[in-house]
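Biologist: I am new to this structure and would like to learn how to read a few of its features. Where do we start?

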Amino acid sequence: MNPTNDIKIIGGGSAGWMAAATLVSQFPNKEITLIESPNISTVGVGESTIGQINNWLALLGIQDADFMPHCDASYKLSIGFENFYRKDSGQFHYPFGRPYTENNKSELNDWYFKKFLHPDTPVSDYAECLFPQMALVTQNKVHKNLDGRLPDFNFHQDVAYHFDATKFALWLRDHYCLPKGVRHVLAEVKDVKLNDDVGVEYVTLDNGGKVTADLFLDCTGFKALLIDKALKEPFESFEDVLPNNSAWATAIPYRDKEKELVGYTNCTAIDNGWVWNIPLWSRIGSGYVYSDKHVSDDDALLEFKKHIDHGEELDYRNIKMRTGTHRRTWVKNVCAIGLSSGFIEPLESNGLYTAHEFLLRLVRTLQRDHVSQWDRDVYNSATKTLLTEFKEFVAMHFALSHRDDTEYWRDVMNRQYSDNLVDMQPSFVHGYVSAVFGKMRDYRFDSDGGLHCIATGMNWFPTDFPTIQSLNYNSREKCQLPLGNDVASWEMYWKSAIDNLNNRKQDWKDSVKDAPSLFDVLRGIHMNKQIEEQT
């Protein structure tokens with residue numbers, strides 16, 4: 001059992017520099033070295049984050065004002081999904097944070113009762129009635145809520161970021177890691193020498209050096225130089241439930257920045273996959289995620305160009321993705337972080353999410369200093385569970401679709417998504433079985449996580465009118481619940497709850513009408529940087 005005083009990170013990019021920043025912040029007495037090739041560019045499409053990144057930033061003592069001006073960053077309050085349920089079915093949102101259910105009669109179910117009694121209610125109304133920050137999203141504003149205008153909305157927990165991942169990595173390098181003592185070596189790995197006992201005995205560099213370490217972090221992206229190429233750790237594919245394996249990416253200039261710069265990532269389903277739209281300060285990052293088993297790369301590019309309909313010539317980059325994970329992501333003295341450990345697909349902005357969540361678990365493991373096989377096994381169990389839960393959550397976006405307008409979507413709709421689901425075997429907390437139990441047994445979804453938002457947007461409700469009519473049959477007299485199909489009586493019974501939703505939604509809108517626009521807030525942030533550079 002060896003100590004972990006000497007840690008070498010192989011690979012830069014966002015995963016490598018996030019790893020270096022995390023380790024140097026928590027273990028300032030360890031020797032942290034990052035080795036990266038000067039000839040390999042990073043993937044650079046992970047430009048959207050989710051709310052959990054705030055926990056990681058807090059651990060490192062980083063505030064949004066520290067990095068945002070340097071990374072072309074903007075604020076992100078939600079994720080919008082368009083036409084996932086059916087072609088031309090419209091948009092719904094998954095905002096960050098927990099839904100607000102104070103004074104509700106039946107938690108999240110109040111809205112479902114509203115929907116069943118008023119069928120014309122759009123599914124987009126769900127988030128607007130339960131998440132205060134949707135008042136900001138719908139009016140394209142931002143507010144740090146220091147005066148409590150929006151109840152239970154915590155700006156520093158419930159807001160994430162869009163940023164240029166490459167610039168973010170460079171900021172971490174120059175403003176955080178190097179000043180704190182991380183060693184930086186520009187060299188290319190030429191060979192990896194293995195040892196049956198420890199794993200990687202040493203790494204040979206193109207400058208002639210031989211590098212040893214107590215622990216190597218593999219941050220080499222999809223190449224997975226150490227965990228895959230050297231150690232040959234088996235890879236478990238997710239392609240059975242995740243259809244996409246390719247992407248075209250581009251940068252789109254703004255035409256009308258004040259209008260197009262919105263506080264959310266938008267995801268639009270099209271013929272053979274979906275298109276992301278990520279508004280940074282200076283440009284829009286966009287990409288088409290698709291299955292090359294259903295459309296050729298060339299035809300996918302034509303579909304993408306038709307969708308964005310921009311007019312001027314843009315630069316496009318094709319990316320091949322391997323969805324899945326290694327059976328173990330920590331093998332002997334090698335731990336994989338970022339794309340080298342595994343990847344789901346870009347939906348729900350999980351690329352950087354898995355990086356900082358794996359790093360938080362790595363820190364917890366390294367607190368013991370010496371690492372045993374038990375410690376590695378516990379880490380591998382925790383990270384695999386996290387990745388599998390997220391895989392199942394992302395797969396639900398496809399499983400719940402009723403699109404049948406192309407062969408791609410017919411394939412998506414007719415897949416069997418989990419043997420666990422069919423056999424009702426134990427699954428993960430937020431996985432398929434949990435979703436089925438919530439709908440078919442408990443008639444309600446857990447308010448943690450985003451399942452309830454995605455399921456509602458896809459018209460997969462946990463309850464329905466017959467269930468409402470049959471619930472609490474033996475206690476109707478006590479609760480004075482209506483009987484049978486008397487819709488007017490049901491409407492009267494739920495009127496106060498529905499009025500509460502509607503009034504609250506309007507109050508939230510009114511409370512932020514005079515809040516500054518997202519554009520004005522970001523202009524102030526980025527203008528401050530320009531002033532600093534000029535002086």
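Modeller: We start with pairing: two strands count as paired if DSSP finds at least two bridges between them. Keep in mind that this is a predicted model.

Biologist: In what order do the strands of the open sheet of three strands lie?

Modeller: In general, the strands of a sheet pair through backbone hydrogen bonds, and the pairing is either parallel or antiparallel. Here the order is β8-β9-β10, and the pairing is antiparallel. β8 (189–195) and β10 (210–211) are at the edges; each has a single partner strand, so one side of each lacks a neighbour in the sheet.

Biologist: How many bridges join β8 and β9?

Modeller: There are six bridges, in the antiparallel sense, between β8 and strand β9, which covers residues 199–205.

Biologist: Let us turn to backbone angles. What is the phi of D72?

Modeller: As a general idea, most residues other than glycine have a negative phi. D72 is not a glycine, yet its phi is positive, near 60°. D72 sits in the loop between α3 (64–67) and β3 (74–76).

Biologist: Is D72 buried or exposed?

Modeller: Buried means under 20% relative accessible area. D72 has 7% relative accessibility, so D72 counts as buried.

Biologist: Where is E107 found, and what is its phi?

Modeller: E107 lies in the loop between β5 (91–95) and α4 (109–117). E107 is not a glycine either, and its phi is positive at about 50°. Because its relative accessibility is 47%, E107 counts as partly exposed.

Terms used. Residues are numbered from 1 along each chain as its sequence is written. This is a predicted model: local features need pLDDT of at least 70, side-chain atom pairs count only at pLDDT 80 or more; totals for chains, interfaces and linings use all residues. Side-chain values use heavy atoms; hydrogens and water are left out. Helices (H or I, at least four residues) and strands (E, at least two) are DSSP runs, numbered from the N terminus. Buried means under 20% relative accessible area, exposed over 50%, partly exposed in between (1.4 Å probe, protein chains only).
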